[in-house]
Amino acid sequence: MTDKSQELKPVSDFIPEKAPERYIIPMEDDKHEIALSTEDLQVSYGDKLSLSEGDLRFERYKITSLIGASGSGKSTFLRSLNRMNDGVANVTGHIWYRGLDINSQDIDVYEMRRHIGMVFQRPNPFAKSIYDNITFPLTRRGKYTKAELDEIVETTLKQAALWDQVKDDLNKSALSLSGGQAQRLVIARALALKPDILLLDEPSSALDPISSAKFEDTLLELKKDYTIIIVTHNMQQAARISDYTAFMHQGKVIEYDLTRKIFTRPKVELTNDYISGNFG
Ligand SMILES: Nc1ncnc2c1ncn2[C@@H]1O[C@H](COP(=O)(O)OP(=O)(O)OP(=O)(O)O)[C@@H](O)[C@H]1O
């Protein structure tokens, strides 16, 4: 397998030649870096087109929320961004990341996923110790000393705001953690691969309000170093944590703007209807 990461250009060097005009992030100055962008993205499950006109640009070190009613295509969009729909759906169009179209056939998908990590709705720790949950994906593909692994475990658990709670129990089974702790462990596991971008699919829907609030604090802390794209049904959450929000409806991005604009003065009536609770 070729190591495509060799060819990745610094994000700052990359300005898509053919940037989709329709949903370009509303830039208020010219200091915005684009971490990832999609162009003409379409996703079909069999004959059914579930995502079209998915042209978005995601800004680096920001949180972007994807909101919309059930079945509007949010997860379909998100999962396509790191090729989780391979073998499940037909995904056409381009996903630009550091100058590469990562939707093309010759991409090393596993390597790409080290750069673009994903956390699912239900925390899915492995039936292993807390320590091994973080180190297992690393040692499968590379060589690390014990000291290096110790360091990674401590750093990522601190980043995910879990270290203080588990530092004396690293050999305990991850299955003994609470839902909120397990979700933070899964985040730590994703961070251990040092991704650029974190894709989160309704990551706090299974959490109680206190765990969810802590989780939001963790995300706000993480955005200093990571670009985060999150699917959420919780509009208060989108309004609290995200810089940008895309509203989706029936497989299309209807409106994409700064979060404060989407939630205070959306341009499209349908967006207004959705955020006012008139449907969904
Ligand atoms: N694996 C699949 N096979 C067939 N159809 C699918 C599959 N996954 C999603 N779909 C269809 O694609 C459309 C979009 O679904 P998707 O899960 O992306 O929506 P969503 O906005 O994330 O919904 P929710 O908020 O309920 O998770 C739906 O009509 C759904 O039935």
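Leaving aside its neighbours within four places in sequence, which residues is L191 in contact with? The legends below begin with that residue.

**View 1. L191 sits in helix α6 (residues 179-192).** This is a predicted model, in which local features need pLDDT of at least 70 and side-chain atom pairs count only at pLDDT 80 or more, while totals for chains, interfaces and linings use all residues. Residues are numbered from 1 along each chain as its sequence is written. Beyond the neighbours within four places in sequence, L191 is in contact with T156, Q159 and A160; two residues are in contact if their C-beta atoms, placed from the backbone, lie within 7 Å. L191 is buried because 23 other C-beta atoms lie within 10 Å. A residue is buried if 20 or more other C-beta atoms lie within 10 Å of its own, exposed if 12 or fewer, and partly exposed in between, again with C-beta atoms placed from the backbone. L191 and A239 are 48 residues apart in sequence, and 24 Å separates them in space, C-alpha to C-alpha.

View 2. Ala, Val, Leu, Ile, Met, Phe, Trp, Tyr, Cys and Pro count as nonpolar, Asp, Glu, Lys and Arg as charged, and the others, Gly among them, as polar.

**View 3. Follow helix α1 and the residue R83 just after it.** Eight of the eight residues of α1 are buried, so this helix is largely enclosed by the rest of the structure. They are K74, S75, T76, F77, L78, R79, S80 and L81. Helices (H or I, at least four residues) and strands (E, at least two) are DSSP runs, numbered from the N terminus. R83 lies in the loop between α1 and β5 (90-97). With 19 other C-beta atoms within 10 Å, R83 is partly exposed. Its phi is near 65 degrees, a positive value in a residue other than glycine. Most residues other than glycine have a negative phi.

**View 4. D40 is found in strand β1 (residues 34-45).** D40 has a positive phi of about 50 degrees although it is not a glycine. This residue is partly exposed, with 13 other C-beta atoms within 10 Å.

**View 5. Helix α3 (residues 130-141) packs with helix α4 (residues 146-159).** Two packed helices are described by the angle between their axes and the distance between the axes. For α3 and α4 the angle is about 120 degrees and the axes are 10 Å apart. Axes are lines fitted to C-alpha atoms, for helices over the stretch in contact, and angles run from 0 to 180 degrees between N-to-C directions. The two helices are therefore oblique to each other; angles under 35 degrees count as roughly parallel, over 145 as roughly antiparallel, 65 to 115 as roughly perpendicular and the rest as oblique. Look for Y131, I134, T135 and L138 in α3, which meet L149, I152, V153 and T156 in α4. The residues of this contact divide into six nonpolar, two polar and no charged.
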